[in-house]
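Notebook open, model loaded. I'm jotting down what I look up as I go.

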Amino acid sequence: MSDDEVILEMSMPLDSDGFLRRRCSSCERELKWLAAGDDEDGTEAPDGGFFCPYCGIQAPPGEWLTEAQEENFTAMIQQEVLGPLFKDFGDGLQRSADRSQGFLSVEVTQPEFDEPVDLMEAEDMRRVDFACHPGESIKVLEDWSGPVRCVVCGSLADQPPAD
Ligand SMILES: [Zn+2]
Ligand SMILES: [Zn+2]
């Protein structure tokens, strides 16, 4: 690892069943899948990525951020990375200005960044279990009545009995 590397960790809230909200970048519907615990790596993504339970299109694990998660991540990068960069840049200019005996007046204004917020997770969506991957339950939109696919292998789940 180089000294220049910055590691950003964004904690993402889970609902009370341990599900993490995700969003398909193809059909833009939201779902939830079980988040891996702290001491496990979670299910390895299959070749081509996880399957969307709604549209069946695969996407790599990094492409499932919801809009809120994405905005928060951007805000965090601005705060943690761009903010200090602007400050260094400003300080550097100031030092050059000092060396040139103050003939140069420099002011660098740091742009206003959005503050990262604590995301909240709502207790919504309907749980679906899969016979093919029993440990990989997901939650889908309550009003979704179409077929639901396993995010790991893409197999269709048995439909819940109509009530
Ligand atoms: Zn989709
Ligand atoms: Zn499966």
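What share of the 163 residues in the protein is buried? I get 15%, counting a residue as buried if 20 or more other C-beta atoms, placed from the backbone, lie within 10 Å of its own.

A note on what I'm looking at: this is a predicted model, where local features need pLDDT of at least 70, side-chain atom pairs count only at pLDDT 80 or more, and totals for chains, interfaces and linings use all residues. Residues are numbered from 1 along each chain as its sequence is written, while chains are lettered from A and ligands numbered from 1 in the order in which they are written.

Next, the overall layout. I find one helix and six strands, in DSSP runs numbered from the N terminus (helices are H or I, at least four residues; strands are E, at least two). Along the sequence they read β-β-β-β-α-β-β.

Then the sheet. Four strands form an open one in the order E1-E2-E6-E5, paired antiparallel; pairing takes at least two DSSP bridges between two strands. E1 (19-23) and E5 (126-128) are the edge strands with a single partner each, so one side of each has no neighbour in the sheet. I also checked E2 (residues 30-34) against E6 (residues 138-140): two bridges join them, and lysine 32 has lysine 139 in E6 as its bridge partner.

Last, the helix. H1 (residues 67-99) has 33 residues and reaches 46 Å from first C-alpha to last, close to the 48 Å expected at 1.5 Å a residue; that expected span is 1.5 Å times one less than the number of residues. I noted a kink of about 35 degrees at leucine 82, shortly before proline 84, the bend being the angle between axes fitted to the seven residues ending there and the seven starting there.

Technical notes: Buried ≥ 20, exposed ≤ 12 C-beta atoms within 10 Å, placed from the backbone.
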